[in-house]
Amino acid sequence: PLTLHAPAEAEGAFRTLQAGGHIGKLVLRPPAAAAEAICPKPPIELAKDGTVVIVGGTSGFGLAAARHLAEAGVRHLALLSRRGAETPGVEATLRDLAALGATATVHGCDATDPASLSRALDAVRAATPPIRGVVHAAAVLEDGAAAALDGRGAARALAAKLTAAEN
């Protein structure tokens, strides 16, 4: 759950956060003028005439992002994941996205390997409209309580995320 606050309500929102008197997230909306100056056309609108690449797009947050984008009108999605077409349930995913009006392609690649990622992106560029957006949702999971996460586990989870982003 979340509660939206106008910019003028920022102080009250922070006081609520400080007092722990809320459930879920407190979200501050940027002033309209600032938001328009940063991005005069919403990113989803820019993406509608192209392809959005979703790294880690066949499960979890990446798959949820793909569904959201399809519902918002993005018509071309390229889902990248380590297992690619071998991901359990990927056929149903493609059908679900098609029912929402999106054409999705699935590409197997390890985004931490520059050559593998390059081959996947070459295939995307050859078969779809120009890339207009990227969602980096790939992750190496280190399940457990944050308090119990040691340096080695944190480094393992972050290294894959950062290396894929760099590539």
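**Close-up views of a predicted model**

H107 is buried, with a relative accessible area of 14%. This value, like every other in these legends, comes from a predicted model.

Figure 1. The side chain of H107 is joined to the side chain of T105 by a polar contact of 2.8 Å. When neighbours within four places in sequence are left aside, the contacts of H107 include A78, L79, L80 and S81. G84, A120, A123 and V124 are also in contact with H107.

**Figure 2. The buried face of helix α5.** Helix α5 comprises residues 90–99, and its buried residues are V90, T93 and L97. Seen down the axis of α5, these buried residues fall within an arc of 50 degrees, so they line one face of the helix. Which elements are included in what covers the buried residues of α5? Among them are α4 (60–71), β4 (76–81) and β5 (103–108).

**Figure 3. The whole protein, as a setting for the close-up views.** The protein contains 7 helices and 6 strands. Read from the N terminus on, these elements run β-α-β-α-α-β-α-β-α-β-α-β-α. Taken along the principal axes, the C-alpha atoms fill a box of roughly 50 × 40 × 30 Å. Of the 167 residues, 30% count as buried. Among contacts with a separation of 6 or more, 63% are made by residues 24 or more positions apart.

**Figure 4. The surface and charged side chains of the protein.** The accessible surface comes to about 10200 Å². Carbon and sulfur atoms account for 59% of that surface. How many positive and negative side chains does the protein have? There are 16 positive and 16 negative side chains. The centres of the two sets lie 1 Å apart.

Methods:
Residues numbered from 1 in each chain as written. Predicted model: local features only at pLDDT ≥ 70, side-chain atom pairs only at ≥ 80, totals over all residues. Heavy atoms only, no water. Buried < 20%, exposed > 50% of the residue type's maximum accessible area, 1.4 Å probe, protein only. Helix = DSSP H or I, 4+ residues; strand = E, 2+ residues; numbered from the N terminus. Arc of directions from axis to C-beta. Contact = heavy atoms within 4.5 Å. Areas by Shrake-Rupley, 256 points an atom, 1.4 Å probe, with all protein chains shown as cover. Lys, Arg positive; Asp, Glu negative; His and termini not counted. Charge placed at Lys NZ, Arg CZ, Asp CG, Glu CD. Polar contact = N/O pair within 3.5 Å; in protein donor to acceptor, adjacent residues only side chain to side chain.
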